[in-house]
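Trainee: I am new to this structure. Can you walk me through some of the terms used for it?

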Amino acid sequence: MCNPNRADACRLPCETAPKNGNLSPILAKVLQNQKKSAPNLPEAFSAPPDPKQTRRVWLEGVLAVFFLLCGWVYVKMLFAPTLPVQGLIVFSLLYLLGVECYARLYRRTACPGNFLWFCVVAGLICSLVWSFFLQSLSGNFAFSSALFGYRFLCLTLAAVYWTLSRLGALWEGKTGSCLPFDLLRGFISLPFGHFFARHRAFFGPFLQKKRAGRIGGVLAGVLLAALVIGYALPQLAAASPAFSNLVGGAWHRFWLWLDRFQLASFLLQLTAAVLVADYLFGLCHGAGEVCPNTPYAGSLQQFAKNARKLQTITLCILLFSICTLYLVFIGVQAGVLFSGWLGIRPAEYTYAKYARAGFFELCRLAGVNLALCAFCALCGKNRPAENRPLRYAIALLACLTLLLIASAAARMVLYISVYGFTPKRLLTCLALGILFFVFGLILLWLRRPLPIMKIAALVTAAVFTAAFLSGPEIWMEHYNCNLPEPSAAAFSSQTI
């Protein structure tokens with residue numbers, strides 16, 4: 001008979017057990033041991049896996065293979081003996097498809113303005129197609145090969161930034177003042193921080209954690225054995241001539257076998273393709289794991305707020321001193337600086353020397369002045385809109401910089417009118433125009449708040465995309481052919 005006063009002594013098997021607080025110490029200890037041993041139960045008693053999670057794991061493995069294909073196309077493009085325009089076009093389209101599939105797989109919401117950056121990337125790809133079509137018609141690969149590197153650089157920058165925008169990984173959630181930091185993350189921290197994510201995605205559907213750990217141990221043992229053998233083998237070969245002949249003959253036959261089937265080149269390209277695929281997949285994986293409301297932008301804004309420690313008088317003395325130096329320089333060099341506006345070359349200069357005289361120095365000074373304006377706007381206790389002397393000092397520096405940029409542009413135009421266009425001269429003109437536009441934006445920003453970084457980035461992307469889409473290979477060659485004969489001859493030997 002059971003004692004009715006004891007709740008734990010007499011209980012049917014189907015009844016719910018009381019909480020641990022109402023159990024006897026022995027029974028509570030038994031239940032605690034059962035909980036500890038629960039993970040060791042057979043798989044038949046464990047919860048069934050989530051079908052959606054399993055499907056996502058398999059799809060991520062498929063994407064890992066797809067990015068390996070992208071890496072293989074990229075490496076074949078680099079090893080191509082001729083101009084690799086076709087390879088870059090195919091690689092760009094595959095990469096766009098891979099990023100879009102990754103974003104849809106993880107349901108990532110794109111940042112505002114993503115469509116504009118996609119249009120920039122698509123425009124640059126169209127410029128590659130247009131360039132390939134033009135060079136196939138004319139057969140002139142000189143300008144196409146010269147512009148290919150610049151197209152590739154612009155396409156790489158735009159594609160990386162579009163990837164972050166499409167996956168919702170921008171620090172501010174949109175294109176803003178953190179654009180340089182986003183590019184730094186997109187090229188370095190995200191891809192290298194998730195460099196081995198593709199291997200985990202590829203082997204994830206096939207291996208359990210325990211097996212993965214065992215395979216990792218096997219690989220570590222193989223690596224250590226290779227290091228030890230690599231050190232011991234030369235020592236043994238030096239100690240025994242017979243062993244040295246045996247090892248040398250085997251090594252020679254191995255390399256002959258590789259050369260016979262061209263396996264050495266294949267293995268080298270495959271290794272490079274794996275590294276490229278790991279980099280690209282790491283970028284997507286790292287951007288996909290970033291929380292859309294990331295706190296980094298707030299920390300940067302807090303850092304910028306804490307950096308406002310310099311007094312206004314300090315910044316005004318700095319700016320007005322530099323402006324005085326520029327005014328003295330302009331007064332001394334007025335004849336050389338402004339004669340290009342009238343189309344007049346000073347007698348003591350040749351056209352090439354006149355274009356190069358101080359040109360790159362003035363361009364570097366324009367970049368320094370741009371950084372100086374940003375420094376004064378960010379580090380002053382008072383904002384330029386709230387302080388009239390600081391606003392006037394930044395405006396004077398911007399106006400003098402615009403004057404120097406206009407002088408450099410006039411000399412470049414005079415030089416081109418005599419010696420013609422080259423890809424570098426075209427890009428120099430575009431860069432001068434963008435610098436002029438940015439300093440004009442600074443003058444407008446002093447009157448009313450403007451997102452300077454966003455406007456400058458979009459205008460720069462639009463200008464370079466439009467320039468590459470305009471078919472510069474054709475109209476530059478047409479312009480150079482219409483130059484007078486002596487200038488055309490000089491053009492072949494003068495470069496800047």
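Mentor: We will go through a few labels and set each against its cut-off. Keep in mind that this is a predicted model.

Trainee: What is the secondary structure of the chain?
Mentor: The chain comes to 20 helices and 0 strands.

Trainee: Where is Arg-107 found?
Mentor: Arg-107 sits in the loop between helix H3 (85–105) and helix H4 (114–138). Its phi is positive, about 55°, although Arg-107 is not a glycine.

Trainee: Why is Arg-107 called exposed?
Mentor: The relative accessible area of Arg-107 is 71%. Exposed means over 50%. Therefore Arg-107 counts as exposed.

Trainee: Why is Phe-203 called partly exposed?
Mentor: Phe-203 has a relative accessible area of 40%. Buried means under 20% and exposed means over 50%, with partly exposed in between. So Phe-203 is partly exposed. Its place is in helix H7 (residues 197–203).

Trainee: Which residues form a nonpolar patch on the surface?
Mentor: Val-65, Phe-202 and Phe-203 form it. Together they have about 240 Å² of accessible area.

Trainee: How much of the chain is buried?
Mentor: Buried residues make up 36% of the 496 residues. The chain exposes about 29,100 Å², and carbon and sulfur atoms supply 69% of that area.

Trainee: What share of the contacts with a separation of 6 or more comes from residues 24 or more positions apart?
Mentor: Such residues account for 82% of those contacts.

Note on methods:
Residues numbered from 1 in each chain as written. Predicted model: local features only at pLDDT ≥ 70, side-chain atom pairs only at ≥ 80, totals over all residues. Heavy atoms only, no water. Helix = DSSP H or I, 4+ residues; strand = E, 2+ residues; numbered from the N terminus. Buried < 20%, exposed > 50% of the residue type's maximum accessible area, 1.4 Å probe, protein only. Contact = heavy atoms within 4.5 Å. Areas by Shrake-Rupley, 256 points an atom, 1.4 Å probe, with all protein chains shown as cover. Patch = residues over 30% accessible without salt bridge, like charges linked within 9 Å, V, L, I, M, F, W, Y side chains within 5 Å. Salt bridge = Lys/Arg side-chain N within 4 Å of Asp/Glu carboxyl O.
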